[in-house]
Amino acid sequence: PHRLVHDTANDRFVWEPCPWRERLSGDDTRNPAPSWFGSKLESISAHQGRLFLFGAGYITSGEVAAPRRSVFNLYDYNVDVPSEADRIEIAITDASLGDVRYSEPIGNDLVLLCENGIDLFTSGNDPLTAFNGRDFKILDLPSADVRPATSGTSLYFLDQLERVHWLSYEGGAVQYQGAVNDHRQDILQGETVEAMHAVDQTLYIIAESGSIKTLDRYLIPSGNYQLAWSQLEFYERPVFIGHYDNRTKLLTSSEAEGYSLLDYLHRQPIFLDDWDYEICLDRREAVAGTYDFSKDQTVFTLTGRSASLAGTVLVASIDSGGTRINQPLSPIRVVNNKAYFSGDWSGQTHYIGFVYESELVLSKLWAGLTNVMPLLSRLTVIHRNATDYIVETTVRGGDAEASDWSAAEIGLSSIGQLRSGTGSSTHFAFGDARETSVAIKSSSAGYFEVAALEYQVRTRGRT
């Protein structure tokens with residue numbers, strides 16, 4: 001291990017090996033070297049004033065930095081006088097976890113992302129000493145070999161199935177908040193994730209598919225995973241992500257053009273209060289769900305007429321206060337009259353039924369800063385499980401211009417008495433992108449999922 005030190009006297013950075021200390025007390029029996037000596041060092045992390053190192057199934061830390069003590073001392077300071085500031089070494093309790101790929105502090109704890117699951121090193125609510133540290137497995141989620149992203153009390157990591165998971169430190173303990181991209185499982189399909197980065201409640205993912213690289217930006221809302229992603233495509237090698245003046249700066253490099261600085265402005269996030277979704281449910285019934293923490297999913301048992309809905313079940317939630325939450329959800333799967341939904345939807349009353357009308361209205365498509373009117377030129381709706389629908393654009397409350405799209409043109413397959421189709425439709429658009437609203441309407445007996453709404457905007461002759 002090396003360290004990067006700022007030489008303040010000469011205002012320069014020095015890259016040098018860590019200054020490990022020799023053993024000052026005892027011998028190989030009373031004060032042995034760390035158990036991973038001679039093996040591969042797997043991870044390194046700083047936590048609660050200590051330097052932690054991981055290898056060969058052991059958790060080791062140097063002393064707490066103090067007079068006559070050093071974080072680079074991996075031995076006990078005085079074997080005859082044990083101290084709370086001495087080094088730490090414990091074996092990882094569950095050997096099936098495998099190698100520690102990354103270790104990241106979150107709150108008062110240390111999260112170990114391992115080959116075959118997630119481990120937690122903690123001292124509970126007490127300050128960490130040489131005597132009270134302990135570990136235990138918290139999740140059976142194999143970690144991918146991609147450095148996790150941390151911001152404040154949140155940690156985001158990638159599993160080996162390209163799912164991004166969220167851990168947070170709340171109430172003095174680490175809490176699992178679920179997979180943040182389950183509602184858009186196509187986001188990272190076929191791509192290789194190279195890096196993740198988080199700032200405040202925003203997560204950035206750099207992925208690669210062939211020669212195309214993407215920067216995916218995702219706003220993590222509190223307990224609501226339904227907000228859309230936005231994405232930037234580029235072709236050069238990513239070097240660094242930074243933030244300045246509320247903008248994302250992506251530094252890239254290529255042999256032909258050298259370094260490039262890309263300025264990426266995420267569109268204005270669309271919260272539930274800022275868009276309108278109207279649904280009508282037929283054959284509906286109130287159902288309570290059961291949450292399975294180990295799989296992070298809620299199971300609803302369907303009875304009566306709802307049991308005949310096959311794979312087209314939808315949920316409209318009503319909280320305990322009676323306030324309707326206009327948030328439809330499509331299930332992961334429906335098997336033997338049981339509908340499985342990602343996330344925790346228990347503790348509420350839900351209406352499960354067959355949707356026969358729906359309308360999704362989006363506005364303020366353009367949030368960029370420009371002195372020239374951003375004119376819409378084209379809209380593309382990417383849909384799944386679609387029945388026929390209409391796309392309308394309206395500028396500043398004026399007359400709507402409609403464009404019909406029949407799902408029959410993209411091919412339909414029969415699921416019971418319901419139809420489904422997956423594909424996209426493209427429509428000409430007009431008007432100021434800052435003032436235009438887009439409505440996607442369906443009056444058919446069924447429902448559709450809007451996977452994405454893409455649009456082209458022209459400013460100064462550029463698209």
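The model is predicted.

Start with the whole chain. Of its 463 residues, 44% count as buried. The accessible surface comes to about 23,500 Å², and 47% of that belongs to carbon and sulfur atoms.

Next, colour by pLDDT. The chain averages 76, and 69% of the residues score at least 70. Among the elements, strand β8 (residues 109-114) has the highest mean pLDDT, 97, while strand β33 (residues 413-415) has the lowest, 31. Select residues 266-283: pLDDT stays under 50 there, and the model has 56 contacts beyond four places in sequence for this stretch. Over residues 318-328 the pLDDT is also below 50, and this stretch has 20 contacts in the model beyond near neighbours in sequence. Where pLDDT is low, predicted coordinates should not be read in detail.

Now select Leu4, Phe13 and Trp15. They make a nonpolar surface patch of about 430 Å². Trp15 lies in strand β2 (residues 12-17). Is Trp15 buried or exposed? Its relative accessible area is 60%, so Trp15 is exposed.

Move to Ser123, in the loop between β9 (117-122) and β10 (134-139). Ser123 counts as buried because its relative accessibility is 3%, under the 20% cut-off. Its side chain reaches the backbone oxygen of Asp126 at 2.6 Å. Leaving out residues up to four places away in sequence, Ser123 touches Asp109, Leu128, Asn132 and Arg134.

The last stops are charged pairs. Side chains of opposite charge can pair when their charged atoms come close. The model has 12 salt bridges.

- Select Arg23 and Asp28: they form a salt bridge with the closest N and O atoms 2.9 Å apart. Arg23 is partly exposed at 29% relative accessibility, and Asp28 is exposed at 57%.
- Select Asp94 and Lys137: their side chains meet in a salt bridge at 3.3 Å, N to O. Asp94 is in the loop between β6 and β7 (100-106) and Lys137 is in strand β10, so the pair ties together parts 43 residues apart in sequence. Asp94 is partly exposed at 24%, and Lys137 is partly exposed at 33%.
- Select Arg87 and Asp76: their side chains meet in a salt bridge at 3.8 Å, N to O. Arg87 is buried, with a relative accessible area of 10%.
- Finish with Glu63, Arg69 and Asp86, which are linked in a network of salt bridges.

Notes:
Residues are numbered from 1 along each chain as its sequence is written. This is a predicted model: local features need pLDDT of at least 70, side-chain atom pairs count only at pLDDT 80 or more; totals for chains, interfaces and linings use all residues. Side-chain values use heavy atoms; hydrogens and water are left out. Patches are made of residues with over 30% relative accessible area and no salt bridge: like charges are joined within 9 Å, nonpolar side chains (Val, Leu, Ile, Met, Phe, Trp, Tyr) within 5 Å. Accessible areas come from the Shrake-Rupley method with a 1.4 Å probe; for residues, only the protein chains shown count as cover. A salt bridge is a side-chain nitrogen of Lys or Arg within 4 Å of a carboxyl oxygen of Asp or Glu. Helices (H or I, at least four residues) and strands (E, at least two) are DSSP runs, numbered from the N terminus. Buried means under 20% relative accessible area, exposed over 50%, partly exposed in between (1.4 Å probe, protein chains only). A polar contact is a pair of N or O atoms within 3.5 Å; within protein, one must be able to donate a hydrogen and the other to accept it, and residues adjacent in sequence count only if both atoms are side-chain atoms. Contact means heavy atoms within 4.5 Å. pLDDT is the predictor's confidence in each residue, from 0 to 100.
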